[in-house]
Amino acid sequence: VSSALVGVMIAVALIPPAAAVGIGIAWGEPVASLGSAVLVMVNLLSINLAALVVLRYSGYRPTNWFQLDEARGATIRRVAILVVAIVLLSVFLGGVTYDSFRGAAAEERVREATDAAVQESGVEAEVIGLEVNRSGTFLLQHPVGVTVTLAVEDRDHPRLAERIDRNVERAVDREVR
């Protein structure tokens with residue numbers, strides 16, 4: 001049972017983020033693919049580190065007395081390399097996660113500002129689509145354009161568009177198209 005449980009834990013740690021890499025590639029989302037690939041690497045390195053520590057703790061060592069010092073040194077080097085790699089990749093992963101969080105929060109502020117502008121206008125309109133275009137840089141993206149699709153009763157409402165533009169720019173604290 002314990003060996004089956006270990007296999008399940010490893011599969012749970014590796015398969016979902018690996019699948020997310022494939023989905024991100026298929027959908028053309030390099031940020032999602034990269035973040036998921038880094039998570040796969042962190043999980044894989046962590047599994048290796050845990051295995052190394054458990055095997056060492058369980059007493060798996062060379063039987064030859066002359067090889068003990070060499071094995072101890074190799075183990076310490078491997079542990080150090082794994083820890084450094086995990087820390088570096090985790091910092092990068094934290095940055096990607098933070099950027100995703102900021103992007104989602106900005107999109108929510110844009111949605112709220114758009115809904116508020118429609119309600120304030122008094123026009124019978126419904127927001128049926130909202131797309132936020134972000135800057136082209138990899139990390140620290142910010143909104144540069146917003147496309148709002150409205151369903152309205154009447155034909156033209158230029159003041160509504162201006163109100164939405166003002167509210168959105170106020171919400172993200174920058175000028176957007």
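How many helices and how many strands are there in the protein? The structure shown is a predicted model, and the protein in it has four helices and two strands. Their order along the sequence is α-α-α-β-β-α.

**Overall dimensions**

The protein has a radius of gyration of 26 Å, whereas a compact globule of 177 residues would have one near 16 Å. The C-alpha trace, taken along its principal axes, spans about 90 × 35 × 25 Å.

**Burial, surface and contacts**

Of the 177 residues, 23% count as buried. The protein exposes about 12,100 Å², and 61% of this area is supplied by carbon and sulfur atoms. Among contacts with a separation of 6 or more, 60% are between residues 24 or more positions apart.

| Quantity for the protein | Value |
|---|---|
| Residues that count as buried | 23% |
| Contacts (separation of 6 or more) made by residues 24 or more positions apart | 60% |

**Charges**

The protein has 16 positive and 20 negative charges.

Helix 3 covers residues 68-121, and T75 lies in it. Is T75 buried or exposed? T75 has a relative accessible area of 15%, so it counts as buried, the cut-off being under 20%. Leaving out residues up to four places away in sequence, T75 touches L52 and R56.

Terms used: Residues numbered from 1 in each chain as written. Predicted model: local features only at pLDDT ≥ 70, side-chain atom pairs only at ≥ 80, totals over all residues. Heavy atoms only, no water. Rg over C-alpha atoms; globule rule 2.2 N^0.38 Å. Buried < 20%, exposed > 50% of the residue type's maximum accessible area, 1.4 Å probe, protein only. Contact = heavy atoms within 4.5 Å. Areas by Shrake-Rupley, 256 points an atom, 1.4 Å probe, with all protein chains shown as cover. Lys, Arg positive; Asp, Glu negative; His and termini not counted. Charge placed at Lys NZ, Arg CZ, Asp CG, Glu CD.
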